Amino acid sequence: MATRIRGNSGGYSPSKQNTPRRADSSGTSRRAAAGRSTARRTGMPNRGSTAHRTGTSQSSSSRADTVRSGSRSTARSRANEEPQSGVKRFLYDALFKKTEGEIDYTFLTIVIAVLAMGLVILLSASAPRANALHGSSYYFFIRQFGFAAAGVVSMLFLSKVDYRSYRPFVPAAVVVGIVLLILVAIPGIGTSHNGARRWLFGIQPSELMKPITAMAVANMITNQNLHMKKITNILVLGVFLAIVVVLMFLEPHVSGAVIIVGIAGCIMLVAGFPVLPVILLAVLGAFGVGIYAKLFSPTRWARIMNFFNPFADAQGTSFQIAQSIYSIGSGGITGRGLGQSLQKFQFLPEPYNDFIFAIVCEELGLIGAIFVMGLFALLIIRGARIAMNAPDRYSMLLATGIVAQVAIQSIMNMGVASGAIPNTGVSLPFFSYGGTSLFTLLCEMGILLNISRQSKKN
């Protein structure tokens, strides 16, 4: 039915649309008014108002700012908890810091392969002498295996420690290394063997000085930002090397001095030093070695002369080289067989140390020798790849020095054993008997693994 509403004139007129619209409008107005009244009484904003919507937005924004501020403060507090340098930083990196990136597993596999083969060859080469001197064919092997196990643990440990954390200790390590070299040269303190005083309380400071030199030279070039074209900067490094070389000549340990100079030279060349002055320093160093041998070491001068004719005094000063060449020649293509060497039975001097490569050639033949040289080549190439992908200049130079040490030392040992270079008495990395040398080498491999973990690829 149509609703009749009294008009202004007092009559009735039908309306079907105005009444509901007015009722809805008046209802809405009443609800809005009630809301405003409630808001005034309670002091709370009206949900339907613009002020309420604006306040809600501002409240959400302030809560987000509070969360972000809390996150930043938490990050700052965590950063403040992390030690920045020193022993605390070293221990923090080793025990608590989460390592990022993966190590170079190919390089690790090569290192383990070289180490395993070195232990097998050492067992074969040292068995007769160990039985004769100590009553057990496994004497040298057991000791070497112990150093290898400790070295592998240290290698894995150092692969997790940021190489930057112990960089502040490099100057202190240089001082300690020089002090040890001084102590070992003092009669009555250092221990002598075969006319050379190289051991101090069972360790060889000269072996420790090799990685210290790599870290020191890399640190000096990086920290002082040495200008590569200035001769004075080359002389700064030359003075440091001269101190180390003179102290090593007092032992005497000529081959160790040559290796240390070679490590520094390779780092300098990679760092951008001009080639000619570095080569000049190398030539002067070679002349210095010759003059030293001529004036102060007749035995070493005789070895240099016998290089031109290894069989001129085969029963005297060139006895070692002559017996080593006999060992290599008797191996042929395939060798006598593992453990079947004859020269290691009191014929070849130092068959498990300086001339262990001759035993490799005799027992495994030319094929085995090429295999061993191939392993070292892979190790050096992979190490050079780690240096090329290093994250910063210091790590690149440090990796270069470590790889240079392995390369120079292995080439020198194989050259001496085959008569290609004069006899200098240098060990073959990972093969020759020597706990200090093996443990130090494995620690250096751990440093390389840590650098690979932080390489540019990762």
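Trainee: Which residues does Thr-436 touch, not counting residues up to four places away in sequence?

Mentor: They are Gly-202, Ile-203, Gln-204, Glu-207 and Leu-208. Touching, or contact, means heavy atoms within 4.5 Å. This is a predicted model, in which local features need pLDDT of at least 70 and side-chain atom pairs count only at pLDDT 80 or more, while totals for chains, interfaces and linings use all residues. Residues are numbered from 1 along each chain as its sequence is written, and side-chain values use heavy atoms, with hydrogens and water left out.

Trainee: What does the side chain of Thr-436 reach, and at what distance?

Mentor: The side chain of Thr-436 reaches the backbone nitrogen of Gln-204 at 3.4 Å. A polar contact is a pair of N or O atoms within 3.5 Å; within protein, one must be able to donate a hydrogen and the other to accept it, and residues adjacent in sequence count only if both atoms are side-chain atoms.

Trainee: Why is Thr-436 called buried?

Mentor: Its relative accessible area is 14%. Buried means under 20%, exposed over 50% and partly exposed in between, using a 1.4 Å probe and protein chains only. Thr-436, at 14%, is therefore buried. Thr-436 lies in helix 15, residues 435–453. Helices (H or I, at least four residues) and strands (E, at least two) are DSSP runs, numbered from the N terminus.

Trainee: How many helices and strands does the chain have, and what share of its residues count as buried?

Mentor: There are 15 helices and four strands. Of the 458 residues, 44% count as buried.

Trainee: What makes Ile-325 partly exposed?

Mentor: Ile-325 has 24% relative accessibility, so it counts as partly exposed. Ile-325 sits in helix 12. Leaving aside neighbours within four places in sequence, Ile-325 is in contact with Pro-310, Phe-311, Ala-417 and Ser-418.

Trainee: How do you know that the length of helix 6 agrees with its number of residues?

Mentor: Helix 6 (residues 170–184) has 15 residues. The expected span is 1.5 Å times one less than the number of residues. That gives 21 Å for helix 6, and its end C-alpha atoms are 21 Å apart, so the two agree.

Trainee: Which residues of helix 6 are buried, and why are they said to line one face?

Mentor: Val-170, Val-174, Gly-177, Ile-178, Leu-180, Leu-181 and Val-184 are the buried residues of helix 6. Seen down the axis, they fall within an arc of 160°, so they line one face of helix 6. The arc is that of the directions from the helix axis to the C-beta atoms.

Trainee: What is the angle between helix 14 and helix 15, and how far apart are their axes?

Mentor: Helix 14 (residues 393–418) and helix 15 pack at about 140°, with their axes 10 Å apart. Axes are lines fitted to C-alpha atoms, for helices over the stretch in contact, and angles run from 0 to 180 degrees between N-to-C directions. Residues making this contact include Leu-398, Ile-402 and Val-406 of helix 14 and Leu-441, Met-445 and Leu-448 of helix 15.

Trainee: What makes Phe-430 and Glu-350 count as buried?

Mentor: Phe-430 is at 3% relative accessibility, so it counts as buried. Glu-350 is at 17%, so Glu-350 counts as buried too. Phe-430 is in the loop between helix 14 and helix 15, and its phi is near 70°, a positive value in a residue other than glycine. Glu-350 is in the loop between helix 12 (319–331) and helix 13 (356–388), with phi near 50°, again positive in a residue other than glycine.
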